[in-house]
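Start with the strands, then turn to the ligand.

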Amino acid sequence: MQSVLCEMLGIRYPVFQGGMAWVADGKLAAAVSEGGGLGIIGAGNAPASYVREQIRVVRSQTDKPFGVNIMLLSPFADEVAQTVAEEKVAVVTTGAGNPSRYMDLWKSAGIKVIPVVPSVAMAKLMTRLGASAVIAEGGESGGHVGELTTMVLVPLICDATDLPVIAAGGIADGRGVAAAMMLGACGVQMGTRFLSAAECGIHPVYKEKILKAGDLCTMVTGKRLGHPVRSLRTAFARDYSRAEYGGMPDDELEALGVGALRKAVQEGDLQKGCFLSGQVAAMVHQEQPAAEIVRSVIEEAEPLLLGASKWVR
Ligand code: TUI
């Protein structure tokens, strides 16, 4: 598979691993990069010291390029932004906000900046500010979700910018990769599929929940506070939803969510943990080494793309 993304970043396959908060550590990122994709450390709500440690972990395990995702709602976003510039990581991706204020800092450190853009307006702004590519992430994804679906967002973003577009949300196998390419993307980002990676250190309860999930196993909560989040339909998600629509005051609702990502990832706590997941959990059936995941989605996509002419004679 040929993609401008591979040339731009020096990677073998145009597959990014989502920078999932609390999940995407140096070990997972190194395994993905070593497997030919782009591994990405998720800074989430962590301080800069954690991010620096994880950068060291990746560098001790691979000399291939990798990225750091900066979650812009984090109270530590400023210090993490500074740290990635000092460390001169190859790629920074951003999520859950507008990264305009950091663009000059990162670009002058030689970093390729690849923001998640949930709208055409954001894609145009990022193009003007010198992003290297953009990630069009549809609402099928896990975690913080935008309004539009991948099927609609990707072609709209492709029409709005000349930058390479990476599709995310709802992609877990070669069919998704091929479809994303048909929509105009030149690469994909997958998060949920990598939750099942052998190198992914989430609690065994979390992994098992993903492997066993069915088609209606995720739901979106948090709309009322302006941060809609897709997660597995667990006791916690149901309780949260009831509180949200039952009129719990904003500050109490906010308190209910504090620490919930950590409780899912580290403790597998079904009562108090928020198990972020995309809709594709239903398509994830087995634990596999990260490198095998990267290779297999591309090997599945290639014949689909080559065979697309069967529909047109
Ligand atoms: O960011 C994600 N997914 C995430 S972040 C996260 S941690 C979290 N913690 C507390 C509250 C909410 C989340 C878990 N999952 N995906 C990328 C993404 N970015 N999706 C949507 C956006 C986005 C939304 C608005 C990007 C830019 C944006 O700009 C709005 C503006 O104009 O500032």
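Predicted model: local features only at pLDDT ≥ 70, side-chain atom pairs only at ≥ 80, totals over all residues.

Two strands count as paired if DSSP finds at least two bridges between them. Strand β4, residues 91-95, meets that rule with β5: the two pair in the parallel sense over four bridges.

**The whole chain**

The protein chain holds 14 helices and eleven strands. How does its radius of gyration compare with that of a compact globule? For 313 residues, such a globule would have a radius near 20 Å; the protein chain has 18 Å, so the two agree. Along the principal axes, the C-alpha atoms fill a box of roughly 55 × 50 × 40 Å.

**The sheet with β4 and β5**

β4 and β5 belong to an open sheet of four strands. Its order is β2-β3-β4-β5, and the pairing is parallel. Which strands stand at the edges? They are β2 (39-42) and β5 (112-115). Each has a single partner strand, so one side of each is left without a neighbour in the sheet. From one strand to the next, the twist averages 25°.

**The sheet with β1 and β6**

Another open sheet has four strands in the order β1-β9-β8-β6. Here too the pairing is parallel. The edges are taken by β1 (15-17) and β6 (134-137). Each of them has a single partner strand, so one side is left without a neighbour in the sheet. The twist averages 30° from one strand to the next.

β6 pairs with strand β8, residues 165-168, in the parallel sense over four bridges. Val134 stands opposite Val165 in β8.

**The antiparallel pairs**

Strand β11, residues 229-232, has antiparallel partners. Two bridges join β11 to strand β7, residues 143-144. In this pair, Gly143 has Arg230 of β11 as its bridge partner. Strand β10, residues 218-221, pairs with β11 in the antiparallel sense over four bridges. There, Thr221 stands opposite Val229 in β11.

**Around the ligand**

Which residues come nearest to the ligand? Of the 13 residues around the ligand, they are Ala96, Gly97, Met122, Glu137 and His144. By class, the shell has seven nonpolar, five polar and one charged residues.

Glu137 falls in β6 (134-137), and His144 falls in β7 (residues 143-144).

| Residue | Protein atom | Ligand atom | Distance |
|---|---|---|---|
| Ala96 | backbone N or O | nitrogen | 2.9 Å |
| Glu137 | polar side-chain atom | nitrogen | 3.0 Å |
| His144 | polar backbone atom | nitrogen | 3.0 Å |

How much of the ligand does the protein bury? Taken alone, the ligand exposes 710 Å², and the protein buries 72% of that.

Technical notes. Residues numbered from 1 in each chain as written. Heavy atoms only, no water. Axes fitted to C-alpha atoms, helices over the stretch in contact; angles between N-to-C directions. Near = heavy atom within 4 Å. Polar contact = N/O pair within 3.5 Å; in protein donor to acceptor, adjacent residues only side chain to side chain. Areas by Shrake-Rupley, 256 points an atom, 1.4 Å probe, with all protein chains shown as cover. Nonpolar A, V, L, I, M, F, W, Y, C, P; charged D, E, K, R; others polar. Rg over C-alpha atoms; globule rule 2.2 N^0.38 Å.
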